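Reader: I'd like to learn how to read a model like this one, feature by feature. Could you walk me through it?

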Amino acid sequence: MHPSGKGFRIFSRIAATPVSIRIRFMGFVFLLVSILFLLVIMMLYLTGTLTVGQKESGEYFAQSLRHTKADIELDFGRTSMQAIDMSETVSSSMEDFLSDHGIQPSDLEAHPEILEELLDDQFDRLLFSLEKSGTSGAFIILDATVNPSLENASTSRSALYVRNMEPNAVSAGTPNMTMLHGFPDISRQQGYSLNSIWSMEFDLSMMPEYEEIRAASQGESTLSQLYLWSEARPLLGSNEDIMMCIVPLLDENGQFFGVCGFEVSGMLFKLRYSPDTTAYKRVTSLICPVQGDNFLMVGKSLCGGDDNSIRTILSDTQSDPDRTAMKAGKDALSIHIYRFASSDQTVTDALRNRYFVGLHETVTLLPSDSVFKDQVFSLMLLMPESEYSTMLGKNNIKIVFLCALFILVGVLLAVLMSRKFAAPILKDLSKLAIEGDAEIEGDGEDPMKTPEIMAILAQIRSRHPRTLVSDAPDELFDDFLAKIRRLTPTEKQIVLRFLEDKSTQDVLNEMFISASTLKTHNSHIYAKLDAVSRDELQLYFRLIEKTGRLEDLRKALSQS
Amino acid sequence: MTSDAYVKIWDSYFETAVSGGFAVFDGYSSDLFKTGDLVCAVGSTAGVLYYPTEITYADNTQETVDYAYLPYPTYEGGEKIALQRGGGMCITSQSDVNKLAAAIFIKWFTSPEQNLRFTLSSGYLPVTMEAFSQLFESDLSKIAEAPVSEQLQTILQMYEEYEFFFAPYSENYDALQKDYESSLRKEVEDARVLITSFTDSEEDLALLSAEVLKRFQEGLG
């Protein structure tokens, strides 16, 4: 089978092109070095050495995700337990209070006049629960309104909602509490300020789950089966996102009369669950609801760490956070690539081109027998792809440097070896051109060192014993002499000094000319004598010397 | 505190406060505005955005309110002086990198351009004269927040008409102020109980005012 194809033809053409032995050998050595280099790179890939950055980040994501997930499940689980406990004590206490006033909890809506006193009675309990929970807010929302005649009465619920404005360990001794919802006199009597976005009652638009919980409470389920965690949403009148743990308030007959629970604000989540940013500055943790097949609703999430990377993108691209999600794409070794997606396929090009790398895992916030067990949350750890690439680039910079060094060494090696290899061959070939000057072997001053050329010279001599340089044709001399006559007197003086093997410096000194003038003269001389260099001129001189007519040449040059 | 000026202030404050003309409240005046308990307040420019656009009554009905931003009141014939105070920023002892970052931030934040942006969006007054002078060149009507815009127009008016006064530096200034404030509040609260419980005579109130002033002066003087 004959090799064919365009590539082979090009290769054949290159191979057929006259190229000096040195260049050929240099190419050969370089090719050899390159193949060795590629083999080394392949070995590094196969042994995993080159993926060290990716492996490390994969391990970091897996480990960090595992720890954060454990923390969240523990803390959120504890908060859930406290919310259930609060629901039981608040329900019982309220029931007793209302009983003293001859009111059934389920009839609360018909008694707006009792609401302030009823909630005031729970203030200390709520505050105690809030401080104990370490969350950013606690609330009791009753299924009643202070003014049933108002237009928004059906969604306005009487509430006691206290927020801890600095939910962190440093200020735990003197918590900065404000009332978000509730009767203002309760707050003032207790010495607490109204929150800057205070409103007297709770707007149920902030809690779409309210009716679901009410409906679920009609059954036989226990409180531990009836609580849920809301997805993150901004507080009305503010841009701060919160998640709520919501537990129904049930009387002794299991009748629903409100909800209570705790909130976890975006700030609290950031303080507690930000990933370690020592190694990766812009890594973000998110707890977000999951819809369908890994459809992670980032717009309904709480963020820890650098949330700007996601929030800014959503804002810059004017994307609706409620409908914008992320979908896990193909694996890059042990981590995922996450691209933005939208429930209504309206992801803009600008958003489609931004993506993150990281990992996610489902977090368990509800018991397996929960009424709301279909509600799934995931914890994500994300890093902008740009930073990931930069990080990998930095990790591989040493390898790139080593590669560059390797190539440089290869080139130097090729140059040196080709020079070393080609020098004796070229020298022998030069002798071969002069033929008679070459000592094939033996005790001569400078014998040939290349057996192949020695053999060729021996063959030439055996076939053409008369074509020794000493018998060179007179035409060579006559032709050269004719060219000599074309030289100007100055040029002849210069050539004469070349013939006498004088150095350039001697020529300059003797003729009182500058180097640039000599250079100009030389170019004219070479042009007129059909030579390309002084070396070639010397070769002519040696050939003429062999013919014994050197003196004639000297005379010709001496003539003006 | 025994000066004629202080006594004049006391006379116009104490009896009015006991009678309910001034709120005696340990909190921001904007809090009382939310429920319509106040109709007028002297406050910091920085608090302008905290005043509610609607007040809520006890039955949860609401009413939209409009505000007028006026220069500080003065006594008739009195000097026009405005108290000037500022929020402080400090750099806590952190790593050198954090210190440097904080210093760069403060330098950036207080540069005239940023300072003016902050002023126009928040109501906080500029911290440099350069930024302040640029306020005069700004088109205040284009500010997104109407309360900030209206307030700044009043500030510029005050800048031309008032002398700005800032308290001399003292290490225990905050403690002194808190002590003074809580003592004054307690005296007024106690006086309210006395007056509402035992007498509604104006003469009795004047006598009580003089007695409390004396006690107050002795106690704090």
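Reader: Let's start with the overall layout. Which domains does the assignment give for chain A?

Author: Keep in mind that this is a predicted model. For chain A, the assignment gives domain 1 (55-393) and domain 2 (472-558). The centres of domain 1 of chain A and domain 2 of chain A, taken over C-alpha atoms, are 99 Å apart.

Reader: How many helices and strands does chain A have?

Author: Chain A has 20 helices and 16 strands. Of its 560 residues, 31% count as buried. If you take contacts in chain A between residues at least 6 apart in sequence, 61% of them join residues at least 24 apart.

Reader: Now for helix packing. At roughly what angle do helix 16 and helix 18 of chain A cross?

Author: For a helix pair, look at how near the axes come and at the angle between them. The axes of helix 16 (residues 489-499) of chain A and helix 18 (residues 515-529) of chain A cross at roughly 90° and come within 10 Å. Helix 16 of chain A is therefore roughly perpendicular to helix 18 of chain A.

Reader: Which residues meet there?

Author: From helix 16 of chain A you have Thr490(A), Glu491(A), Ile494(A) and Val495(A), and they meet His521(A), His524(A) and Ile525(A) in helix 18 of chain A. By class, the residues of this contact divide into three nonpolar, three polar and one charged.

Reader: What should I look for in the backbone of the loops?

Author: Most residues other than glycine have a negative phi. Phe512(A) has a positive value, near 55°, and is in the loop between helix 17 (504-511) and helix 18 of chain A. Phe512(A) counts as exposed because 7 C-beta neighbours are inside 10 Å.

Reader: And what is the phi of Asp530(A)?

Author: That phi is near 60°, again a positive value in a residue other than glycine. Asp530(A) sits in the loop between helix 18 and helix 19 (534-546) of chain A. With 11 other C-beta atoms within 10 Å, Asp530(A) is exposed.

Reader: Over to chain B. How is it divided into domains?

Author: Chain B has domain 1 (4-83 + 168-220) and domain 2 (96-165). Their C-alpha centres lie 28 Å apart. Here 15 residues of domain 1 of chain B are in contact with 18 residues of domain 2 of chain B. On the domain 1 side, that contact has twelve nonpolar, one polar and two charged residues.

Reader: How do I read the length of a helix, say helix 7 of chain B?

Author: Compare its span with what is expected at 1.5 Å a residue. Helix 7 (residues 173-198) of chain B has 26 residues and reaches 37 Å from first C-alpha to last, close to the expected 38 Å. Helix 7 of chain B is hardly covered, with two buried residues among its 26.

Reader: Which residues are buried in helix 1 of chain B?

Author: Phe14(B), Ala17(B) and Val18(B) are buried there. Helix 1 (residues 4-18) of chain B has 15 residues and reaches 21 Å, close to the 21 Å expected. After helix 1 of chain B comes Gly20(B), with a positive phi near 100°.

Reader: Last one: how many residues does each chain bring to the contact between chain A and chain B?

Author: Chain B brings ten residues and chain A brings eleven. The chain B side has two nonpolar, five polar and three charged residues.

Note on methods. Residues numbered from 1 in each chain as written. Chains lettered and ligands numbered in written order. Predicted model: local features only at pLDDT ≥ 70, side-chain atom pairs only at ≥ 80, totals over all residues. Contact = placed C-beta atoms within 7 Å. Nonpolar A, V, L, I, M, F, W, Y, C, P; charged D, E, K, R; others polar. Domains from an automatic or database assignment. Axes fitted to C-alpha atoms, helices over the stretch in contact; angles between N-to-C directions. Helix = DSSP H or I, 4+ residues; strand = E, 2+ residues; numbered from the N terminus. Parallel < 35°, antiparallel > 145°, perpendicular 65-115°, else oblique. Expected span 1.5 Å × (residues − 1). Buried ≥ 20, exposed ≤ 12 C-beta atoms within 10 Å, placed from the backbone.
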